[in-house]
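This report describes a protein structure for a reader who has not seen it before. The sequence and structure come first, and the description follows.

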Amino acid sequence: MLGMLDGMVEHLFTPAQLARLAACGEILDPVPLSSWDDPRTGVLLADAEILVGHWGCPTLTEAVLDRAPDLRLFAYGAGTVKWQVTDAVFARGVTVTSAAAANAVSVAEYAVGAILLANKGVFVVRELQRDPNARVTFDATRIGNRGTRVGIVGASLVGRLVIEMLRSTEICVAVYDPYLSAAEAVQLGVEKVDDLDALCASVRLLSIHAPDIPPTREMIGAAQLAALPDGATVVNTARPALVDQDALVAALTSGRLSAVLDVTEPDPLPADHPLLALPNAFVTPHVAGAMGNELIRLSELAVTEVERFVRGDPPLHPVVAADLDRIA
Ligand SMILES: NC(=O)c1ccc[n+]([C@@H]2O[C@H](COP(=O)([O-])OP(=O)(O)OC[C@H]3O[C@@H](n4cnc5c(N)ncnc54)[C@H](O)[C@@H]3O)[C@@H](O)[C@H]2O)c1
């Protein structure tokens, strides 16, 4: 029996996907439940063996699990599942899956687009066309993607897709990630750099893809920004906490660096924020992840995980307690 949980986003499962779920087991209620205060909660939890969740759905606490004795799978049809699960979920042996890998496709596409355009000088040239005196660094001899060295911070789901997509270009990729083994780096066809400052000093562009966890907070600080060469670009599609934003604003205001930022503090920025007025900051309001016609990738992966679970196949993207302190 399946229970449907939902939060901010309603009706993300298409009729065809709901039919596939119905083929896996009885859907207890096709209208998703978005709060444990909902009067339907008791019946749903009492009978559900599988819960399918989406962005912002309520958290599976110990007290909630006490009311769900048969629960065996929580298939989350969105990215970061940390806020929807608790230790109790893993302690009870409930299988957890997430659709972060599906969300990563959209983020990687945004990042690769930003990398290719930034290396080509597109963002800066556009501003110089509008204002020839714009305070930006532009060196016509350095632009282009041929042989350009790009640094990736975090061989995460997104980071690995970016690496894969860049393989069809002539960009040279170097990666900083303490969890990336030398053998994996060889397999990915990238150079592994163990010193973040050295990576910064050696690249024209730094693209940030690590999760927001205590060791990564402000990992790109004043020293790392200072290490980047003049005219380099910082691309952040990860989380604002990874970058010392004041130091970045100072570097951008000087005109020395450029940035493409999908995530900022606050997120999104108010219209009068100084970052939005800088000619060398291309800022978007947290749109890199799945949106519009991309959302179906998330629900599709959740449905696939349910089908696999019912067939007895291992999950494609299990989330295990041991990884929680190093994943997004
Ligand atoms: N802008 C958006 O709309 C959007 C959407 C989805 C995800 N994100 C963000 O993108 C980033 C990547 O997401 P993901 O799902 O690919 O992450 P993920 O869960 O796959 O990241 C985990 C990996 O990051 C790497 N890592 C861990 N600690 C690190 C460290 N100290 N330094 C360098 N690398 C480290 C390790 O390889 C680890 O396995 C996250 O910050 C996530 O929040 C943004």
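## Two domains

Domain bounds come from an automatic or database domain assignment. The protein is divided into domain 1 (2-102 + 292-325) and domain 2 (104-283). The centres of domain 1 and domain 2, taken over C-alpha atoms, are separated by 34 Å. Eight residues from domain 1 and eight residues from domain 2 take part in the contact, where contact means heavy atoms within 4.5 Å.

This is a predicted model, in which local features need pLDDT of at least 70, side-chain atom pairs count only at pLDDT 80 or more, and totals for chains, interfaces and linings use all residues. Residues are numbered from 1 along each chain as its sequence is written, and side-chain values use heavy atoms, with hydrogens and water left out.

## Between the domains

The size of an interface is often given as the accessible area lost when the parts come together. Buried area here is the accessible area (1.4 Å probe) that two parts lose on being put together, summed over both. Between domain 1 and domain 2 about 600 Å² is buried, and carbon and sulfur atoms give 41% of this area. On the domain 1 side, Ala101, Arg297 and Asp325 lose the most area to domain 2, together 49% of what that side buries.

One salt bridge is counted between domain 1 and domain 2; the term means a side-chain nitrogen of Lys or Arg within 4 Å of a carboxyl oxygen of Asp or Glu. The side chains of Glu109 and Arg297 form a salt bridge, at 3.9 Å from N to O.

Asn119 is in helix H5 (residues 100-119); helices (H or I, at least four residues) and strands (E, at least two) are DSSP runs, numbered from the N terminus. Asn119 has a relative accessible area of 6% and is therefore buried, the classes being buried under 20%, exposed over 50% and partly exposed in between (1.4 Å probe, protein chains only). Beyond its neighbours within four places in sequence, Asn119 is in contact with residues including Ile143, Gly144 and Leu205.

Ile143 is in the loop between helix H6 (122-130) and strand E5 (149-153). Ile143 is partly exposed, because its relative accessible area is 37%.

## Ala241

The loop between strand E9 (233-236) and helix H11 (245-253) holds Ala241. Ala241 counts as partly exposed, because its relative accessibility is 25%. Not counting residues up to four places away in sequence, Ala241 touches Asp212, Thr216, Arg217 and Glu218. Ala241 and Ile213 are 28 residues apart along the chain, and their C-alpha atoms are separated by 8.9 Å.
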